[in-house]
Amino acid sequence: RLVAVKLLHQTAKSNPDHAQRFITEAKITSQLSHRNIPVVYEYGESEEGQLFIVTELFTGASLEEIIDEISLSPRQASWIANEVNEALVVAHQKGITHRDVKPPNIYIHQGSSGEEVKLLDFGIAKISNTQSHTLTGQLFGTPYFMSPEQILGQKNISPATDMYSLGAVLFYCLTRT
């Protein structure tokens, strides 16, 4: 099968926070099974010390790239938002809050059965009842799509955080602002 291999750059690996987020992304994504979330086939560290994640291969473009090229109709935008919402529901049922829902992390894959929406990059996701890797006062994410509690650096991050961000993505899809 054709796969994508994501590698953590060696200079980033020397930063424990970067390496931890990379491994967290692999662990979290591999726990989720849904058509709108990438399949993780393997992850780990090579004999040479290279961190890697092996996922299904996508062809297409990120939502950000698509919006830069064309205007989406309300029907297209609502279809994309609904597909992302379905992925988030699965994550939320497992106690996982994505925390970085934004157009670059939404991919429109040109699959054999048509277009499919994929929610990518669970690298800063939060699993309920676990220690967060985000320190108080640190911002992770893209401010334009972040919920107020994220911008304020609050610890009460919940599925509502992702729903707020998804609403901001839908607004962006419709207005390009």
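I take two strands as paired if DSSP finds at least two bridges between them, where helices (H or I, at least four residues) and strands (E, at least two) are DSSP runs numbered from the N terminus. This is a predicted model, in which local features need pLDDT of at least 70 and side-chain atom pairs count only at pLDDT 80 or more, while totals for chains, interfaces and linings use all residues. Residues are numbered from 1 along each chain as its sequence is written, and side-chain values use heavy atoms, with hydrogens and water left out.

Entry on the sheet. I looked up E4 and strand E6 (residues 106-111) and found them antiparallel, joined by three bridges; Gly60 has His109 in E6 as its bridge partner. I then noted helix H4 (residues 74-93), which packs on the sheet and touches E6 and E7 (contact meaning heavy atoms within 4.5 Å). The direction of H4 makes about 50 degrees with that of E7, with axes fitted as lines to C-alpha atoms, for helices over the stretch in contact, and angles running from 0 to 180 degrees between N-to-C directions.

Entry on the cavity. I searched a 1 Å grid over the protein atoms alone for sets of points where a 1.4 Å probe fits but cannot get out, and the count came to one cavity of 30 Å³ or more. The largest cavity holds about 40 Å³, a volume being the space filled by probe spheres set on grid points joined across faces, edges and corners. Its lining residues (an atom within 4 Å of a point) include Arg99, Asp100, Phe145 and Ser165.

Methods: 1 Å grid on protein atoms, 1.4 Å probe; cavity = no way out; pocket = protein on both sides within 12 Å on 5 of 7 lines; lining within 4 Å.
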